[in-house]
Amino acid sequence: MNNLLKIIELCEKKYKNENVHSLNTKNNDSVLDILIATKLSQNTTDKTAFIAFNNLKRKYGKLEKLMEERISKIRDEIRICGMANTKAKDIKNILKKIYRKYKSFDLSFLKNYSTEEIYNQLLELNGIGLKTASCVVAFGLNRDVFPVDTHIHRVLNRIGLVKTKTPEKTFLEISDKIPEGKKLFFHKCLIKFGRSICKARNPLCNECFIYMYCKYRNKSEYKNKKAQNRNPQKYDFLILENIK
Ligand code: SF4
């Protein structure tokens, strides 16, 4: 068995009791909600992005209303999640493009398309990248795909499962190698793993369950840094699992 399959198997054992398998059923607004939540979650924590998302939902209800809203007003509601001005502009632009193309904000019709065609439709909107499209496909449209953000890109390169320069290239390199039915599960596992064990700074190699399959050249050095590794923090909250 190659390292990728072995690591997926070990993730299944490690995270089997956590609710990372389920694909949630969402309502018709949720495709757009997931898209906007993904935009809000860029370069911040899921917790602050979730607060910003809830601020918007509380104030506007249907987020399509943001298309007509002033950027400064949107910015005030999402300030907590950082880069508020850029994110407010991006959200408005994406909404305009969606409306120009479909004359509607209800993207639930995409459920009838093949996964490949959904990607094509979203990427054609220009302003939606591969990562955002993948999150929409996975969490909004319940497809088994493997979104790659900067954290997953970092972890996979460190382990040595890929050797790539960008999250997009990581996605293209590894996605088809993950067995069908396990892609979204593996995505969620790696998010949790990257936050709690294989952290960007000071990875907890001394308590890592995939240590023997990892090719990180400094892993033995970190394995011995036990004092530094006390009290590991656990970050389990994933925003896209919590968009109803
Ligand atoms: S051994 Fe260390 S670097 Fe390798 S995956 Fe585990 S925590 Fe990350």
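Which residues does Ile210 touch, not counting residues up to four places away in sequence? Ile7, Leu10, Ile159 and Phe193, where touching, or contact, means heavy atoms within 4.5 Å. Keep in mind that this is a predicted model: local features need pLDDT of at least 70, side-chain atom pairs count only at pLDDT 80 or more, and totals for chains, interfaces and linings use all residues. Residues are numbered from 1 along each chain as its sequence is written, and side-chain values use heavy atoms, with hydrogens and water left out.

**Ile210**
- You'll find Ile210 in the loop between helix 10 (183-196) and helix 11 (219-223); helices are DSSP runs of H or I, at least four residues, numbered from the N terminus.
- Ile210 is buried, at 2% relative accessible area (buried means under 20%, with a 1.4 Å probe and protein chains only).
- Cys11 sits 199 residues from Ile210 in sequence, yet their C-alpha atoms are 8.5 Å apart.

**Thr132**
- Thr132 belongs to helix 7 (residues 130-140) and is buried too, with a relative accessible area of 2%.
- Leaving out residues up to four places away in sequence, Thr132 touches Leu35, Thr38, Lys39 and Gln42.

**Helix 2 meets helix 7**
- The axes of helix 2 (residues 30-40) and helix 7 come within 9 Å and cross at roughly 140°; axes are lines fitted to C-alpha atoms over the stretch in contact, with angles from 0 to 180 degrees between N-to-C directions.
- Helix 2 brings Val31, Ile34, Leu35, Thr38 and Lys39 to the contact, while helix 7 brings Lys131, Thr132, Cys135, Val136, Phe139 and Gly140.

Technical notes:
Helices (H or I, at least four residues) and strands (E, at least two) are DSSP runs, numbered from the N terminus. Buried means under 20% relative accessible area, exposed over 50%, partly exposed in between (1.4 Å probe, protein chains only).
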